[in-house]
Amino acid sequence: MRYHSRNIVKPGDLNPYGTLFGGRLLEWIDEEAGLYSVIQLESSRVVTKYMSEINFVSSAMPGDIVEIGLEVVKFGNSSLVLKCEARNKMTRQPIITVDNITMVNLDETGKPSPHGKTEVIKGSDQQYEM
């Protein structure tokens, strides 16, 4: 798994229990999956179609650094399927896992469109390899 982005947990990211709000983490994951897919498919018209079961493994506290890792599971005709893990950067303890995030390439009319990609673009996902 390669880790692509990092976020620090700030007071505005917390739930009533004082830990990272799950919705905020899902926002970060969706944004990172979108950016990663745009780069991999070389298309600016990529949207999230599906997220599988989300497994909250542990909490993140204020000041924790959360890093988001993505891995390509497969290339479809018009889609890209990713696997995701967000973890605490310092402890490397998983916070959340998502087995399937399906991103879809769209044409100018908003319909699924073939992207022609079959493998990961080398060098585009090596920022935080761990």
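Me: Which residue is the bridge partner of M51 in β6?
Reply: In this predicted model, M51 has I101 as its bridge partner in β6.

Me: How many bridges join β2 to β6, and in what sense do the strands run?
Reply: Five bridges join them, and the two strands run antiparallel. Strand β6 covers residues 94-105.

Me: Where is S52 found?
Reply: S52 is in the loop between β2, which spans 46-51, and β3, which spans 54-56.

Me: Is S52 buried or exposed?
Reply: S52 is buried. Its relative accessible area is 13%, and the cut-off for a buried residue is under 20%.

Me: Which residues is S52 in contact with, leaving aside its neighbours within four places in sequence?
Reply: S52 is in contact with V98, D99 and N100.

Me: What lies 3.5 Å from a polar atom of the S52 side chain?
Reply: That is the backbone nitrogen of D99.

Me: Moving on to β3, how many bridges does it have with β6?
Reply: β3 pairs with β6 over three bridges, in the antiparallel sense. Within this pairing, F56 has I96 of β6 as its bridge partner.

Me: What about β5 and β6, over how many bridges do they pair?
Reply: Strand β5, residues 79-88, pairs with β6 over eight bridges, and the sense is antiparallel.

Me: Which residues of β6 stand opposite V81 and C84?
Reply: V81 stands opposite T102, while C84 stands opposite V98. V98 is also one of the residues in contact with S52.

Me: How many residues are between the strands in the hairpin of β5 and β6?
Reply: There are five residues between the strands of that hairpin. R92 takes a positive phi there, near 65°.

Me: Why is β5 described as largely enclosed by the rest of the structure?
Reply: The description follows from burial: nine of the ten residues of β5 are buried, so the strand is largely enclosed by the rest of the structure.

Me: Now for β4, how many bridges join it to β5?
Reply: Nine bridges join strand β4, residues 65-75, to β5, and these strands run antiparallel. As one example, V72 has L82 of β5 as its bridge partner.

Me: And how many residues are between β4 and β5 in their hairpin?
Reply: β4 and β5 form a hairpin with three residues between them.

Technical notes:
Residues numbered from 1 in each chain as written. Predicted model: local features only at pLDDT ≥ 70, side-chain atom pairs only at ≥ 80, totals over all residues. Heavy atoms only, no water. Helix = DSSP H or I, 4+ residues; strand = E, 2+ residues; numbered from the N terminus. Buried < 20%, exposed > 50% of the residue type's maximum accessible area, 1.4 Å probe, protein only. Polar contact = N/O pair within 3.5 Å; in protein donor to acceptor, adjacent residues only side chain to side chain. Contact = heavy atoms within 4.5 Å. Pairing = 2+ DSSP bridges.
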